[in-house]
Structure formats: C-alpha cells, structure tokens
Protein chains: 4
Amino acid sequence: MEIAHTKNRMEQFSDGIFAIAITLLALDLHVMHLSSFDFIGGLNEISVLLPNIVTFMISFITIAIFWVNHHQLTQDIKHMHRTVLWANIIFLLFITLIPFGTNVASTNPTHPLALTTYALVLFGASVLFSILRYYVHKGLGEEKISMERSMVGPFLYLCAVIVALIHTPVAYFLLVIPPLYYFLPKARQQ
Amino acid sequence: MEIAHTKNRMEQFSDGIFAIAITLLALDLHVMHLSSFDFIGGLNEISVLLPNIVTFMISFITIAIFWVNHHQLTQDIKHMHRTVLWANIIFLLFITLIPFGTNVASTNPTHPLALTTYALVLFGASVLFSILRYYVHKGLGEEKISMERSMVGPFLYLCAVIVALIHTPVAYFLLVIPPLYYFLPKARQQ
Amino acid sequence: MEIAHTKNRMEQFSDGIFAIAITLLALDLHVMHLSSFDFIGGLNEISVLLPNIVTFMISFITIAIFWVNHHQLTQDIKHMHRTVLWANIIFLLFITLIPFGTNVASTNPTHPLALTTYALVLFGASVLFSILRYYVHKGLGEEKISMERSMVGPFLYLCAVIVALIHTPVAYFLLVIPPLYYFLPKARQQ
Amino acid sequence: MEIAHTKNRMEQFSDGIFAIAITLLALDLHVMHLSSFDFIGGLNEISVLLPNIVTFMISFITIAIFWVNHHQLTQDIKHMHRTVLWANIIFLLFITLIPFGTNVASTNPTHPLALTTYALVLFGASVLFSILRYYVHKGLGEEKISMERSMVGPFLYLCAVIVALIHTPVAYFLLVIPPLYYFLPKARQQ
C-alpha cells in the first residue's frame, strides 16, 4: 500500500513534468508577423524558424523516449527507497531544463557554447536516468546490474558536449544518434 | 497488469498534454492596456482581439473533440503495442503544435501561408489520430478495419490547407466543418 | 467500467486544467527590475503590483472553490451522458479564460470594460457550472432539481458585469461576495 | 469511498500544481542571443545567468522537498475535513507563488526587498505546510501533536525574511539551510 501510494504519486508527478516540458517546447516556435504577402517572400520569412524546428523535433523525440523508458522502468519498481525517489527528482530537474537548452540552441544555432549547453542538459538527463535505472534494479535485489546499455546514451551526449565546442554540425548529428539508435530493430527489446 | 500500467500512464501523460495545450490557447488572447476610457473607444480597442477569439474557439473545440475521441479510443485498448504508444506520441506532437498554429493564424489572420500552417497542424493531428485508431483496432484483432469515417477529418483539413493558399475566408469555413460534423445528431453514434 | 474510465479521464483532464489555470495566475504578477535601493522607494515600486495581487487573490480563491465544488459534483456521477461531458468541457473553457480575464482587469484596474470582461468570464464559469450540476443531477434520475442555490453565483456575477460599467469599486466588491458567501458557516452544508 | 475520491483528486490537483510550478522555474533562465563568438566572451555573457541558476536550484530542491513531504503526509490521511482541503489549497497558493518569488530574487539578486519577497513566499509555504500537517494529524485523532519539528522550517525562513533586509548574502545562506537540514542523516526518519 505504501509503495503503491508513493509509486502512484511519483508517476503522476513525473507525467505532469514530462507533459509540461514537452508542451513548452512548442513555445520555442516563435510566432512572427509576416510582412510580405507573396508566397516566396512568406516562405523566406518562415524559414527563419528552421533551426527552431530542428531542435524542437530533437527535443520532442528525446523527451518522448525518456518518457517511454521511464514508464517501463517504474513498472518494475517493487520497493521504494529514498534514493529512487531523489534520483527520479534530479532526473526530472534535467527534463525541466530541456526546453531551456532547446531555446539556447535555437536562438544561437551556430554558437559552440549554446550547443554545448544544450548537449550538457541532455547529457545530464541521460546520466541521471542511468542512475535511476541502477537504483531501481538494485532495489529489486539484482546482484549484477548490467550497465553497458545504460552507458550508450551518456557516452554519445558527452561526445556531443565536447564536439559542439569544435564543430557544431557534427554535434547536431551526434544528438540525433541516440533517438535513431532507440528505434533500431535491435533496440526494441530494450 | 503490464497493459494496465502502460495504459494508465499513457492516458495520464496524454491528459496532461491535452490540458496544457488547451489552457495555453488562452494565452493567445493578448492583454492590452486600454487607452480610451469611453465605451465605444474601448470596444474598438478590444475588437482587435476578434481574430484571436475566432481561432481560440476553433482550436479549443477541436482539441476538446480530439480529447473526447481519444478517451473513447483508449477505452478499447486491450493489448499495448509499441506502435500504439508511438502513434499516440506523434499524435500528441501535433496537439502541442496547435497553440503555435493558432497563434500564427491569429497574428496574421488574412495571410495565406499563416492559415495554411494552422490547417497543416490540424491536418497532421487528424491524420495521426486516424493512424492511432487503425493500430488500436488492429491490436483488437479486427480483420476489416473500416477507415471511411476516419478519412473525413483528414480530407476536410487537407482541403483547408490548399484552399487557404487561394481564398482565406473559405478556408476558415472549412476548419469549422469538422467540429460541426461531430455535433451532428448522426455523428453521435461515433 | 465504461463509466469508471470516462469519469477517471474527465477528472484527470479537468484537474490538469484547474491546476494549470490556477498556476498561470501567478504569472500575472509581473517581475520588475527594482531601481531604487532604499526601503521606502522599493516599497513604492512594488506597490504598483497591488491591483495584480488583489485580482490574483480573487481569481485563485474563485478557481479553488470551483475545483472543490467540481470534485464534490463528479463524486455523485453514476451515469455519463454526452451532455455531462460537454457541459464540463465548456465549463473548463471558462476556467482557462480566468487567467486572461484576471490579466485584463489587473492591467486596467479602473477601466469599466476591462472589469466587465473579467466579470463576464467569472459569470460564464458560474453559469456553466450550474448547467453541469443540472445535468449531473438529471442523470441521477432526480425529478425535481432544486436550482435556487445554483442561481446565487451567476446572479451576483451578472450584477458585477453590469455594475462594472457604472462604478468599478462596487463591482470589485460584488466579485468578492461569492467566495465570502461560500465560506459562510451555513454554506458549508453545500 | 468518499474519502478515497476526495483524496485522489486532491493529490491529482496538487501534483499538477507541483509539476507546473517546478517546470515554470526553468523559464526564469532567460535565453539570450550570444554576441561574442569566442569561448571566454561567451562564458562571460552566460555568467549573467548565475543568480538565476542559484535561485533556480534553491527553488527546485525546495519544491521537491515540499512534494516529498506532501506525499508522505497525504498517505496518512484517513478522514477528509474541509479544513484539510482548504489548508492544502492555501499551501498550494504559496507553491504557485514560488516561481514569482524566484524571479523577483534573480532579477534583483542584491536588492533587500526582492530577497525578502522571495523569503516571504517560502516562509508562507512552510507555515501552511505545518498547518496542513497539524490538521491531518488532528484528523487522525492524535491528542498531542508534536509540532517542534514543524517549527524549524518556518523559523529559518522567518529569519531569512528579516536578515534579507539587513545583509543579503547571509539571507541566501539561510535559505539553503532547510534543504541541507532535510538531507542530514538524522532528518531521514522524518
């Protein structure tokens, strides 16, 4: 009963934060007053939103994958330790920062530091998710917890953090790999 | 149990996004400092909000109908496939874009491209909802899934996307038809 | 089962909208850069927020009362009709408009039309709540549904709508009466 | 049944507000267009966000602790009195004000009145939480309700309110103590 109550509210609270963060992403698509009324001129004006649309798509799919994995993970929870509760909260801290990171990157799409900031937020979220997964599995009494799979995300995001300082286009590419990896047939058994 | 857990969190997450998107719509009604203190002058100033009120109403009712249909659809889910989960997520992506589309249209109420953008978002949401419905029914083991009804919404929104480029008033009219159609007596058995 | 599912999602969706609308109210308390560093000067600058604080308090308590009454009402629902579902949705439409109405009033605290707009939103919410209550009780098979109590709120808000055009201070007073009335000892049996 | 329904919706509504308030905090991290493209210059520009990051961290952890304590408290609720419902609502009022208080402090990080405002909001939230705890325990029929522990938070925040007017750095320090105190080993039995 205690575990059911805590788990239920933790999921409710987490789903709320996931839902708000993912909806706030769309606020990054700034609305502008279109001044030229011909088709080509209007398309040119709208094309300014291109970096925003790219980062919106990356962030949306990334948060969605975190949500899917999160719901699969909490399913397994049998005992609720304070560590699980707080690992989840710090994980959510990074989720709430994703709209901010997305914004920084879309406002300065070619600035190394801006992209590093964005990659750092995603790196933080993936590290915390791996920590959360570790404690959930530890709570299940598993002796050997395989963390290899859990290292892929953090590793790729860490690469993006560093590469962003050197060559921005490659960094964008690195940020797209974790979602692609997730949708690969083999990853489906995750 | 697994299905109950996944379904519960999917509904919770979806309801959160529906609730936020529908509440953010009202932020589109910009508040202004009224400068003229007489009745007629004040009404004139407020009348600037007219396109915002029209698009607010269309979007609110449209999201509400999507929500009603969504809750009726998830009721039927017996087995949860990854495809259902992701069709739902991409459907929600378009729901989060509705406040943006509404904003674009109300900021440029007579601009063809702005209205096309708005219609495109609603078109995307209705297509994804039909896809979601298809996979839910497929998961129920139905052999022949009648998709005729599911085509009405996407078809009307597609017309609006195209007509918006030619004649904006008719496009607004087309955007109002799906809600009206929904409330027609016959549609009630849906 | 059907009723349980629909009721659960209707409550979840409603609670989401209540929670967002009530939290967005606080965004109306605009943050300013304080320029004078002495105590009195700073207090003077902050005092500009006074109308915002007044309308924030009125709206917060009003939404909270609607929420309390709403949760008491849905408790009784045994059968879910389409009319109940849609009366609830239109009621929520007015709830999402409350932050907008609050904003209009706090931006133009002495403007008759602004206060009328605010009162109109609250009037709409209270009328729709009475309609919702009517359909819930009708669904219970009650033959004579006493609507006298349900008339008090709409009546007072309607007075505020009209009085706001003539004398703003009295209108503010009228907007405070429904909450006060609610907390009166006798009203507790509601 | 009645208590289960009320408790469920109270928790749902509270979780919604907690989730929104904690997510809105991140909106305080304003996004800027970075103008200098070299590493040091960019870091300098970003460093303007330092006070925002500090207050963001304080507020995030503080809301999270309130949430953890809130979920532990509601677990114990056996009877739902109107006082519990309304103590909870007024507690939530202060939670919705935390993003505002955070904003005021981060916009004017060295202004005594701004920091006092921030501390006042946290003070209000902690006082209301103690009141809520009192009524929940009273509802359980406990004769002697130990309130000593419940006094620590309000007392420290009250000190911060006063000290902020005299010496801002010490006030920041005082705002960090309640979270630290919470994480102390002994506090874990709370």
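I count a contact where heavy atoms lie within 4.5 Å. The model is predicted, so I note that local features need pLDDT of at least 70 and side-chain atom pairs pLDDT 80 or more, while totals for chains, interfaces and linings use all residues. Residues are numbered from 1 along each chain as its sequence is written, and side-chain values use heavy atoms, with hydrogens and water left out.

**Chain C and chain D**

I find 39 residues of chain C in contact with 33 residues of chain D. The two chains bury about 3300 Å² between them, 72% of it on carbon and sulfur atoms; buried area is the accessible area (1.4 Å probe) lost on putting two parts together, summed over both.

I looked for salt bridges (a side-chain nitrogen of Lys or Arg within 4 Å of a carboxyl oxygen of Asp or Glu). The count here is one: Arg9(D) pairs with Asp15(C), the closest N and O atoms being 2.6 Å apart. I also get 13 residue pairs in polar contact, both residues at pLDDT 80 or more. A polar contact is a pair of N or O atoms within 3.5 Å, one able to donate a hydrogen and the other to accept it within protein; residues adjacent in sequence count only if both atoms are side-chain atoms.

On the side of chain C that touches chain D, helix 1, helix 2 (39–46), helix 3 (50–75) and helix 7 (168–183) of chain C each supply at least two residues. Helices are DSSP runs (H or I, at least four residues), numbered from the N terminus. Helix 3 of chain C gives the most, 12 residues.

**Chain D and chain A**

I find 39 residues of chain D in contact with 33 residues of chain A. Chain D and chain A bury about 3300 Å², 72% of it on carbon and sulfur atoms. In chain D, Thr23(D), Val31(D) and Trp67(D) lose the most area to chain A, together 18% of what that side buries. The rule finds one salt bridge across this interface, and I see Arg9(A) and Asp15(D) meet in a salt bridge at 2.7 Å, N to O.

**Largest pocket**

Which residues lie nearest the centre of the largest pocket? I read Leu27(A), Leu27(B), Leu27(C), Leu24(D) and Leu27(D), out of 46 lining residues. Pockets are open sets of points on a 1 Å grid over the protein atoms alone, where a 1.4 Å probe fits, with protein on both sides within 12 Å along at least five of seven lines; lining residues have an atom within 4 Å of a point.

Technical notes. Chains lettered and ligands numbered in written order.
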